[in-house]
Amino acid sequence: MRAIRKDFLPLSRPSLGEEEIQEVVDTLRSGWITTGPKVAWFEQRLRDYLQVPEAIAVSSGTAALHLALLGAGIGAGDEVITTSMTFAATANAIVLTGARPVLVDCEAGTLNLDAGAVESRVTEKTRAILPVHFAGQPCAMNEILDIARRRHLLVIEDAAHALGAAYRGTKIGAVGDATMFSFHPIKSITTGEGGLVATRDAEWADRMRLLRFHGIRTSAWERQAGGKSPLYAVEAPGFKYTMMDIQAAIGIHQAARLDGFIERRTLLAERYREKFSQIEGVRPLAPVAYPVRHAWHLFVVELELEKLDIDRGEFLDILKQRNIGAGVHFPALHLQPYYQKAFGYRAADFPNAGRASGRILSLPLFPAMSEEDVDDVAGTVEGILQEHRKP
Ligand SMILES: *Cc1c(COP(=O)(O)O)cnc(C)c1O
């Protein structure tokens, strides 16, 4: 058996440098720690990076999705089409607006929303299509946008995995009508917790800004430092979804390092792909056939379980015993008790998502990983497959 590595290799670890630390210290000393000038600076960085006129920073990716949907006026009686192969937050945000999440299957190879499955699910209640760029690889946006234009639907993208990705030369964030990003520590860049919506639509952006802060147009910072009156008007029953300057302080410097992070992730992912092309019993996700920049948020492989005498849970346990972390992104939503009970989904509904759900695992991938770490993971996976091959 291959020697077990001495230190535990986690699934992911954020790369935080001295600049992030100093900016947080500067914020703590400044006398203003919540939403203020650093959030404005962070939003400016992302507008410039994404080349979109509007970027609204919020407290999480989930909050960003919720606001994007509410800002589009989506609510009770409406339907939003999304994929079963995603994190709970995607569909939960739809449910929390009062709308119905209409799930469709994913493609078997990429696990991206299957654009070909969308049109037959469009009804007169459908308001939006919500694709998820799985693992950071962009969905077939031309096909999705074409359906949306013909059927008068919005395209709201869950790009929690895809900051820095591009579809046919356009950055994700500037492709659909509104795009959500997450800055949870596992994602491409982090603010601790945080999220953002990017859009070209100034009125939609205005509604999201209103709803992120109690339905009040002027922030406390603008009233204290911007010379605005301490009086305020409540225009809607808004949320408290604001990002703090402490969070934005981290994000400002993370954003500057994003392209470097993606280059490093790409190099490590290419190395994984090359290793796994020589290993029987495990298959990385397929690349798409159109030109993209993959953000490589996750490195997901599918196990050929019929060849093994262990299941996926046992495989994960053995990996952990050998000091390698892993994850499952994601158990399909149509298999979840809430979605079955509330919307009548059944296990057999979406064969690709259902099949992948029981076989996929995400292997360690983060910028500070070394090439030797990749070799270690691939070698350990190969070893487990050999030890547990059915006779
Ligand atoms: C992480 C994630 C979210 C939620 O983002 P948070 O910042 O954790 O709220 C939504 N959708 C997908 C696909 C994600 O991976």
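Which residue in E12 is the bridge partner of valine 282? It is leucine 303.

Before going on, the conventions. This is a predicted model, so to speak of local features I need pLDDT of at least 70, and side-chain atom pairs count only at pLDDT 80 or more, while totals for chains, interfaces and linings use all residues. Residues are numbered from 1 along each chain as its sequence is written, and side-chain values use heavy atoms, with hydrogens and water left out. Helices (H or I, at least four residues) and strands (E, at least two) are DSSP runs numbered from the N terminus. Two strands pair if DSSP finds at least two bridges between them.

Back to the strands. E10, residues 282-284, runs antiparallel to E12 and is joined to it by three bridges. E12 also pairs with E13, residues 360-363, again in the antiparallel sense, over four bridges. There, valine 300 stands opposite serine 362 of E13.

How enclosed is E12, residues 299-303? Five of its five residues are buried, so the strand is largely enclosed by the rest of the structure. Buried means under 20% relative accessible area, exposed over 50%, and partly exposed in between, with a 1.4 Å probe and protein chains only. Phe299, Val301 and Leu303 point one way from E12, Val300 and Glu302 the other way, and all are buried.

Next, the rings. Rings of Phe, Tyr and Trp (its six-membered ring) pair if their centres lie within 6.5 Å; planes under 30 degrees apart count as stacked, over 60 as edge-to-face and the rest as tilted. The structure holds 14 aromatic pairs. In one of them, tryptophan 32 and tryptophan 221 have ring centres 4.9 Å apart and planes at 65 degrees, so this pair is edge-to-face. Tryptophan 32 lies in the loop between helix H1 (18-30) and helix H2 (37-50), and tryptophan 221 in helix H7 (residues 220-224), so the pair ties together parts 189 residues apart in sequence. Tryptophan 32 is buried at 13% relative accessible area, whereas tryptophan 221, at 27%, is partly exposed.

Tyrosine 272 and phenylalanine 276 form a stacked pair, 5.9 Å centre to centre with 20 degrees between the planes. They are four residues apart in helix H8 (residues 245-276), about one helical turn. Tyrosine 272 is buried at 0% and phenylalanine 276 at 2%.
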